[in-house]
Amino acid sequence: MNIGLRLFFVVILSYVCNAQGYPKVVCYYDGKGNTRQGQAKFDIAYLEPALQFCTHLIYGYAGIDPQTYKIKPLNDHLDVQQHNFQQITNLKKRFQGLRVLLSVGGDRDVIPDTDKALTYTNLLEVSDRRHTFISSAKDFIKNYGFDGIDLAWQMPRTKPKKIHSAIKKFFIGIKHVFAGESIVDEKAAEHREQFTTFVRDFRTALRRDALLLTLSVLPNVNSTVYYDVHQIAPLLDFVTLQNFDFYEPERNPYEADYTSPLYDVYGRKVDENGDFQVRYWLSKGCPGNKIIYGLQTFGRTWKLSSASGETGTPPVTIDSGAGEAGVYTQEPGLLSYNEVCAKLPTTAEIRAGYVGKLRKVNDPTPKKAAADESWQTIDVTKRFGTYAYKLPKDGQDGIWVSFQDPDTAAQIASYIRSRGLGGVAIVDLTLDDFKGLCTGNKYPILRASANMNL
Ligand SMILES: *[C@@H]1O[C@H](CO)[C@@H](O)[C@H](O)[C@H]1NC(C)=O
């Protein structure tokens, strides 16, 4: 076949592929899973049933050495000494076409008593530091056989909504007249520009080796403030919008609400939902096929007290913060999907009056008046996600949990399809039901969201 004809077929083929979408399924794997105990302990053998669904595997997380500004492993023992980096990238031999990226940051890079964003913005501010990081990262990923790098950059977070009693509000109102709104990052505009330069230089450095460069927008990082979409989108292979933890017990200890709504929730900030984030990136010129919708496999929990009322309907008043740690995951305010499903009743248990199990509430109808136009065009249910709760009883704390389940994951998959987005990201595999303890099916959330007619 002559070159012209061959080129013609390549063009046609890539056109056909794009027309059909071929969505990406970006699977995050957090090395932290390997350090959990009991049923939550993750071993890379558990990855195998997941990888048939994944087009990309993102290994979380590497960090930054705050002295040298070079990339560094965050768990040297696991990643390097026990060869986990190498074993993970070796999986490419068995899963043809799988691309494996190393992610930096992801909120796992913590220096005690220091703001998580500090090293990340310090690095951006000095050209030498940026170059040191880029060249160290490039050597590092090549050394371990990664196909690219994901920037889960720890930018400063937006301020959470404060909940005050009426009287406190009055005094704070007065104070604000004098002090003005507190500013999260005084150098935000510079950091945004520096990040663009950083991404441009990074792309240049990776181009010759055809390595991938992607961005993970972490929860509660304000894209408007930090990401010059128009400039960086062409330089990135894709962007994962981590559309969850808009509400979470550490940021919002006095109010429980949907953590990862797809659409606007009445009474919340307009940008606290996945659809807003997607539309924002699209409106600034990011091609839809580069946008990956990130959903979470874990639940967020709050403790219910007598002050929380009887209905469980969000937003729920909380006076004692995060829910108790999960039996296996051992982190206050968090439950893996299988820890959530273990608390949900079987049909027989529902008939018997829940017997200590949680009441699950599926995608309820919104409270907002149906007269609002934008609500009429879209299915008015299936907008916010699922929650479950148990009221306090006999001196025992109650619990309120917002989570993703296979139904809501499938709804998000259909949203992704209908908007022509690049695909879905699962954050992360180690908190999905990787053993199939809920229903016998391994990775129910991954399965439900990956079912996009690949
Ligand atoms: C994000 O930044 C924009 C522009 O400064 C601002 O209008 C918006 O309220 C911010 N969002 C949050 C959640 O703080």
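Ala, Val, Leu, Ile, Met, Phe, Trp, Tyr, Cys and Pro count as nonpolar, Asp, Glu, Lys and Arg count as charged, and the others, Gly among them, count as polar. With these classes in hand, we can walk through the structure, keeping in mind that it is a predicted model.

We begin with empty space inside the protein. Rolling a probe the size of a water molecule over the atoms shows where such space is left. In this structure there are three cavities of 30 Å³ or more. The second largest cavity, with a volume of about 40 Å³, is lined by Asp109, Val110, Ile111, Thr114, Asp115, Lys116 and Thr119. Sorted by class, its lining has two nonpolar, two polar and three charged residues.

The largest cavity has a volume of about 60 Å³, and among the eleven residues that line it, Leu262, Gly385, Thr408, Gln411 and Ile412 are the closest to its centre. Here the lining divides into three nonpolar, five polar and three charged residues.

From cavities we turn to the packing of helices. Two packed helices are described by the angle between their axes and the distance between the axes. Helix α6, which covers residues 127-144, and helix α8, which covers residues 188-207, have axes that come within 10 Å and cross at roughly 40°, and this crossing is right-handed. Where the two helices meet, α6 contributes Arg130, His131, Phe133, Ile134, Ala137, Lys138 and Ile141, while α8 contributes Gln194, Thr197, Phe198, Asp201, Phe202, Ala205 and Leu206. Described by class, the contact of α6 with α8 has eight nonpolar, three polar and three charged residues.

Note on methods
Residues are numbered from 1 along each chain as its sequence is written. This is a predicted model: local features need pLDDT of at least 70, side-chain atom pairs count only at pLDDT 80 or more; totals for chains, interfaces and linings use all residues. Side-chain values use heavy atoms; hydrogens and water are left out. On a 1 Å grid over the protein atoms alone, a cavity is a set of points where a 1.4 Å probe fits but cannot get out, and a pocket is an open set with protein on both sides within 12 Å along at least five of seven lines; lining residues have an atom within 4 Å of a point. Grid points are joined across faces, edges and corners, and a volume is the space filled by probe spheres set on the points. Axes are lines fitted to C-alpha atoms, for helices over the stretch in contact, and angles run from 0 to 180 degrees between N-to-C directions. Helices (H or I, at least four residues) and strands (E, at least two) are DSSP runs, numbered from the N terminus. A crossing is left-handed if the near helix is turned anticlockwise from the far one by less than a right angle, and right-handed if clockwise. Contact means heavy atoms within 4.5 Å.
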